[in-house]
Amino acid sequence: MRQQEFEDKYRGQWQAFHALLDKMSGSHKTQLSHKELSLFPTQYRNICHSLAIAKERQYSPYLVDHLDTLVLRGHQLFYNKRQRIGRRIFEYIAHGFAREIQNNRGLFLLSHAIFYGPALIIFALTLLNPDLIYSLLPHDQVASFESMYNPEQTVLGRERESDTDFYMFGHYIRNNIGIGFQTFATGILFTLGTLFFLIFNGIFFGVIAAHIINIKYQSTFFSFVIGHGSVELTAIVIAGMAGIKLGWALIAPGNFSRLDALKLSAQKAVQLMYGVFFFLLLAAFIEAFWSSSTTISNTVKYIVGASLWTLVYSYLLWPRSKV
Amino acid sequence: MLDTNLRVEVPEGIAINLPLAGPVVRCLAFLIDLLIRIGVYLALGTVFGVMGIFGEGLMLICLFAIEWFYPVVFEIFNGGATPGKKLFEVAVVNDDGTPVTWGASIVRNILRAADMFPFLYLTGLVSMLLNGQFKRLGDLAAGTIVIHRKTYSHSGHLPEAKSHKAKVALTLEEQSALLHFGERSGQLSKARSLELADILAPVVDGQESSQRMAAILGIANWLRGRR
């Protein structure tokens, strides 16, 4: 069949499909009737068929290009995945997150070691040698931490008035979740970025905690951090897990090409990051509205804080049924 | 052929061409998005500014949400294109040609943090230039590409001419080239068409360039099936 005949025979089909595409996408989207929708797959296949013929018979490039455009547009509509987002979020929080952690037990432990290991070492060293903090942090930063947790202070965490809880909530969301995302993302540089952020934050936390004990401000500091720390520190560790997973795919891709290994691991890692996001949101909320409160006694804060830690780890490690 | 198309095979058993978008158009789209975001920040700043410290808190939350999720929301709900991308008619799709999914969009946008390193998206730019499909790190991990959105379909017009068979046997590729030339002749300047027609002087009848041109159009018409 010559091109002319071919065009004359099928032009009607192409035009009909083109009109249908315009109806289904773009700014003038209209609701299609049930009949039109049920015809779509057949019409799409017909266009694919036309394209295959046009290519095979080397019809003119313009015709091939025209059909190619139609197929691409049809393809995008036809393979649009239906995303039932509400149900998936619920499923994820109930089981998915914990399952993802439990599938990576080894990595979960490793990230704990990378974060808490240096933190504990520096903590112990600073207890033995209180001046160590001044070689790690600038003087004015140390001073600002001291004033923050001074027991004579009426409000904890930051110097502030009572109506600024919400402001701090925003501040924690922006900073802490940003740090979580950064810890994950920089893992793509062969895990180096993630390792840096985990160790850096660990050391920072360790040295501050030890210094607070050295100057005997622990009653304000530990009652402040114990609550939100349960979700926040765990979230940072999990973000580290996700980042290491990403970078490790590049270091040891196994039976895949490096690129494919990276794609596969990113799909898994982002499953962890949803949880990190959820945890950090929770942490910001607790930190702004609970931890900073001065009307709640320290005993209550310790009890609630300890329960939160237990809750977080049982939530993550409680065995789930396999999918 | 030397072009930036990515051939992808679809389940219908044929290959389609995805025209990849390069770094320049993507940078421009990014700049437009940046301007839009700055505009939104200014507008929000004015509104929340009058609400005091509470407003500042809201502002920080909005800053966070826009910084990280502005592209995600548009990529999912606006056919893969942020307003900047829409303006330049490019869009994000999965590298199998299907619309971008939540997971992929979130991965590619969180990984901006790595692409930004150490400043001005240098890592991302280097990655784009080294990769045959112009992928930045986020695209590599998410398995996404940015393509030119083809919504127009340009069908060439072959001028009518008395059709006749070619003097020599033509391969399929040669036939296709002649057809393509015939359909493009309207877009080329007259002088250029004649110049190109002269290349075929040994195998086409005619003394003058214009006669050869007519002969070529005749062959193209014949190939197209106008007898």
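# Exercises on a two-chain predicted model

Chain A is divided into domain 1 (3-78) and domain 2 (85-317), with bounds from an automatic or database domain assignment. This is a predicted model: local features need pLDDT of at least 70, side-chain atom pairs count only at pLDDT 80 or more, and totals for chains, interfaces and linings use all residues. Residues are numbered from 1 along each chain as its sequence is written, and chains are lettered from A, ligands numbered from 1, in the order in which they are written.

## Exercise 1: Confidence

State the mean pLDDT of chain A and of chain B.

Solution. Start with the scale: pLDDT is the predictor's confidence in each residue, from 0 to 100. Chain A has a mean of 89, and 95% of its residues reach 70 or more. Next, look inside chain A. Helix α7 (residues 139-148) of chain A has the lowest confidence, at a mean of 87. Helix α5 (residues 105-128) of chain A has the highest, at 96. Helices here are DSSP runs (H or I, at least four residues), as are strands (E, at least two), numbered from the N terminus. Finish with the complex: the predictor gives an ipTM of 0.84 and a pTM of 0.84.

## Exercise 2: Domains

Find the distance between the domain centres in each chain.

Solution. Take chain A. The centres of its domain 1 and domain 2, taken over C-alpha atoms, are separated by 53 Å. Now chain B. Its assignment gives domain 1 (5-148) and domain 2 (172-224). Over C-alpha atoms, 45 Å separate the centres of these domains of chain B.

## Exercise 3: The side of chain B that touches chain A

Which element of chain B gives the most residues to the side that touches chain A?

Solution. Count first: 49 residues of chain B are in contact with 51 residues of chain A. Contact means that C-beta atoms, placed from the backbone, lie within 7 Å. Elements of chain B that give two or more residues include β2 (15-19), α2 (52-77) and α8 (172-184). α2(B) gives the most, with 11 residues. Then sort by class: 27 nonpolar, 15 polar and seven charged. Ala, Val, Leu, Ile, Met, Phe, Trp, Tyr, Cys and Pro count as nonpolar, Asp, Glu, Lys and Arg as charged, and the others, Gly among them, as polar.

## Exercise 4: A helix pair

Describe how α9 and α10 of chain B pack.

Solution. Helix α9 (residues 190-199) of chain B and helix α10 (residues 209-224) of chain B pack at about 80°, their axes 9 Å apart. Axes are lines fitted to C-alpha atoms, for helices over the stretch in contact, and angles run from 0 to 180 degrees between N-to-C directions. Therefore α9(B) is roughly perpendicular to α10(B). The classes are under 35 degrees for roughly parallel, over 145 for roughly antiparallel, 65 to 115 for roughly perpendicular, and oblique for the rest. Residues of the contact include B:Leu194 of α9(B) and B:Met213 of α10(B).

Notes
Two residues are in contact if their C-beta atoms, placed from the backbone, lie within 7 Å.
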